[in-house]
Amino acid sequence: MNLIEEIKRYIPINEQEEMDKQIMLEFMTKHHDFLDRENRIGHFSASAWVVNHERTKVLMIYHNIYDSWSWVGGHADQEENLIEVAMRELQEETGVQHAKLISKDIFSLETLTVNGHVRKGIYVPCHLHFNITYLIEADERDELFIKPDENKGVKWFTMEEALKAPKEIWMVEHVYKKLVSRSKL
């Protein structure tokens with residue numbers, strides 16, 4: 001199934017997701033390069049909401065650009081299979097080797113603003129990330145490592161701690177609370 005069909009099939013759980021779903025589909029029809037970060041208005045990204053087997057903890061990274069604890073994820077970079085993007089980013093950003101996708105279905109979706117910043121010495125202007133999130137289970141016993149060019153920390157948090165650790169209030173209120181609520185068995 002292609003990404004447009006996957007998004008069309010997704011049933012939003014709240015008003016934010018309903019609006020963001022509409023915006024994503026509209027953007028995709030108007031911009032053939034929606035998977036390419038060279039589109040400076042916006043582009044697709046994939047995130048992994050990584051839980052332990054008991055679904056009592058979530059794995060987060062301390063993101064360099066956002067200067068906050070956050071979920072794992074990254075740019076699609078022309079890859080339409082966002083599940084593969086999320087799984088690759090999980091391994092690259094945390095070192096997790098034993099992870100499994102809980103469902104091929106989208107776990108959540110959101111349109112996120114990205115402030116202008118400098119990456120690898122080059123200014124990146126403000127833009128949008130049309131983000132698709134997948135629920136992934138990982139083994140807490142896997143050895144974790146930091147990817148210094150992207151993060152300063154990798155850590156398992158209880159679900160309650162995961163709502164207190166990030167500095168980005170909007171993300172906590174509109175994204176992480178939703179993900180915590182949905183990830184309970």
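The largest pocket of this predicted model has a volume of about 1100 Å³, where a pocket is an open set of points on a 1 Å grid over the protein atoms alone, at which a 1.4 Å probe fits, with protein on both sides within 12 Å along at least five of seven lines, and the volume is the space filled by probe spheres set on the points. Local features need pLDDT of at least 70 and side-chain atom pairs count only at pLDDT 80 or more, whereas totals for chains, interfaces and linings use all residues. Residues are numbered from 1 along each chain as its sequence is written, and side-chain values use heavy atoms, with hydrogens and water left out.

- Of the 46 lining residues, Ile65, Tyr66, His75, His117 and His129 are the closest to the centre of the largest pocket; a lining residue has an atom within 4 Å of a point.

**Helix 2**
- Helix 2 (residues 15–30) has 16 residues and reaches 23 Å from its first C-alpha to its last, close to the 22 Å expected at 1.5 Å a residue, the expected span being 1.5 Å times one less than the number of residues.
- Its buried residues (under 20% relative accessible area, 1.4 Å probe, protein chains only) include Gln16, Asp20, Met24 and Phe27.
- Because the buried residues of helix 2 fall within an arc of 160° seen down its axis, they line one face of the helix, the arc being that of the directions from the axis to the C-beta atoms.
- On the face turned away from that buried side, Glu15, Thr29 and Lys30 are exposed, meaning over 50%.

**Helix 3**
- The 13 residues of helix 3 (residues 82–94) should span 18 Å, which agrees with the 18 Å between its end C-alpha atoms.
- Among the buried residues of helix 3 are Leu82, Val85, Glu89 and Glu93.

Note on methods. Helices (H or I, at least four residues) and strands (E, at least two) are DSSP runs, numbered from the N terminus.
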